[in-house]
Amino acid sequence: MKKAKGNKSLLRLFFINYTFSLIIFIVAIGIFISISIVGLASNLSVTDREIRLMEENFLVEDFEKLDVEGILEVGGWIERLEDNRVVEIIGSKRDNIEEYTVLNVISEYENYDSFGKKYNSRAYLHDSFVYVVKVPNGEYLLNKRLDDKTLGESFRGTIKYSLTVSIGFMVITMCILFCKSIKKVEAPLKKIENGIQTMINGDYTIRLSFKTYKEIDKIRESFNYMVSKLEEAEASKKVAEESKKNMIRDITHDIKTPITSIMGYSRALYDGKVESHEEEKRYLQYIFNKTLRLNYLINELFVFTKLESSEYKVYPKIEEMGNFLREVVALYYGEIEEAEFEFELIIPENEIYCNIDFKELERAVINLMVNSLKYNDKGTTLIIELKEDVEKAVIIIRDDGIGINKELNESVFKEFVRGDSSRQTNGGSGLGLAITKRIVELHNGSISLRSEINKGSEFTIKLPKVK
Ligand code: ADP
C-alpha cells in the first residue's frame, strides 16, 4: 500500500539524494573513462585515410600519379637521384642514405629510417631522373606516433576534454536533483513563512493544512497550536478589556449614586433649606449612611484589586479545618442570632488539615455566610458543614432560602454581578463572590454553586488536604 505523503521523513529525501548522487558520480566516472579510452585509442590508431595513402602511394606505377601531398602528410618523402646520389628531397628525409646501389634503387623493399623505424621505398624513372619515394608503413606510423612529443599533449587534451564532460554532466544532473529536492522542502517552508507573516500582521485565524514530510508537519502542527493559543489569548484579552470597561462603568455608577445623594443633602443643609433640628439630624444621618456605603464599596474594591494583582501572595500555614470553621462561626454568631436564622455547624470527629492563610480564607467563608444572612428571610436554615474526600477538604455553606436564579448561577462569581435582591436593597457591591473565588483559587482550591429559586443555595469549597 502506498504510504501517505505526510508519513515520509526528510531522512528518506536525504537518502534518495545521496543514492542518486552516488549513481551520478559513478556514471560521471564511466563517462570520463569511456571518453578517455576512445580519445586515447583514436590518438594511437592509424586512420583509414592514412592506410590508404600509404598503400596507394606505395603501389602507384606511374610517378605522375603519385599523391605527393598524401605522401608528405603520412610522413613520407621523395628523393631525386643523379648518378645514384641524392640531389633533391621533397618532404623531410628521415634516413641518412646519401647514395644508392642499383639494386637498392630498382628493388622494392623495406627500409629503416635513422631511428630504426620501418618504411617502404619504391623507385621511379621519370623525365630521365630516378626518383625514390619512401612511404612509412602502419607499424612505422604507430611507433612514430608513440615517440612523438605531441602525443603527451594530445593525451592531456583528451583527459581534459573527458574531465570537462564528466564534471559538466555531474554538476548539471546534481543541480537538477538538488533543485528538485530543495523545491520539495522550500514550498511548505514558504507556506509556514507566509503563515507567520499573516500572524505577525495580527490575523490569528490562519491555520496551515498542507501535508509534507514528517518533520515539517510537526512544525506546521506546532504553528497551528501556537496560533490557536494566540487566538484564544486575544479573545480572552478582548473579554478582559470588555470586563475592565464594564467594571469601571459599574464602579463609577456605584460610587456616583451615594456621592450625588451626599451632594444633595449637604447642599440643602448649607443653603439653610432644612428648617427643623429633627430634619437636619435626619439629613446628617443620610449623609453618614452614604459615606458608610462609599467606604464599604471602596473597601471591597480595594480588596478585589489587591487580590487580582499578580504580585499578591497568600501566606499559608497548616490549620485544622474544624477549628478554623468554629472560630469563623464564633465571630458571626451574634449576627446569625440577630437574623433569626436556624443554624447548624457540622464538623467530623477526625481532624482535617489544610495549608491556609487563615485571615484570607476567613474573609471568603464570611462573605458566603453574610450573603446568606443578607439575602434570606428570618427562619432560614443555614448549615455549615466540613467533610473530606481522598484528596480534599470540603466546606459546604448551605441555606434553604430564596436561591439564585439559573441565569446568575454561571456568572455569579464574576465581579459586579448582582442579583435582584442586592440591587433592590442597594446593599451589595457585586464583588463578594468574586473575592471569595479569588481567595479559594489562591489556595489552589475550587468553588461551585448549586442553587434553585425558593429552595436555597449551596456553595462548595474544595481545598487540597495536607496528609
Ligand atoms: P453582593 O455584593 O451583591 O452581595 P456577591 O458577589 O456577594 O455580591 O453576590 C452576588 C449575588 O448573588 C448577590 O447580589 C445575590 O443576589 C446573590 N446571592 C449570593 N449569595 C446568596 C444567597 N445565599 N442567597 C441568595 N442570593 C445570594
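Modeller: Contact here means heavy atoms within 4.5 Å. This is a predicted model, in which local features need pLDDT of at least 70 and side-chain atom pairs count only at pLDDT 80 or more, while totals for chains, interfaces and linings use all residues. Residues are numbered from 1 along each chain as its sequence is written, and side-chain values use heavy atoms, with hydrogens and water left out.

Colleague: Which residues is I395 in contact with, leaving aside its neighbours within four places in sequence?

Modeller: I395 is among the residues with the most contacts inside the largest nonpolar core. A nonpolar core is a set of buried Ala, Val, Leu, Ile, Met, Phe, Trp, Tyr and Cys residues joined through side-chain atoms within 4.5 Å. With those neighbours set aside, the partners of I395 are M321, L325, E385, L386, F459, T460, I461 and L463.

Colleague: How many residues does the largest nonpolar core have, and where does it lie?

Modeller: This core has 50 residues. Helix α10 (residues 358-375) gives the largest share, eight residues; helices (H or I, at least four residues) and strands (E, at least two) are DSSP runs, numbered from the N terminus. Domain bounds come from an automatic or database domain assignment. Because both domains give residues to it, the core lies between domain 3 (215-305) and domain 4 (313-464).

Colleague: Is W77 buried or exposed?

Modeller: W77 sits in strand β1 (residues 77-82). Buried means under 20% relative accessible area, exposed over 50%, partly exposed in between (1.4 Å probe, protein chains only). W77 has a relative accessible area of 1%, so it counts as buried.

Colleague: How does F155 count by relative accessibility?

Modeller: F155 is in helix α6 (residues 150-200). Its C-alpha is 6.4 Å from that of L40, although F155 and L40 are 115 residues apart in sequence. Because its relative accessibility is 29%, F155 counts as partly exposed.
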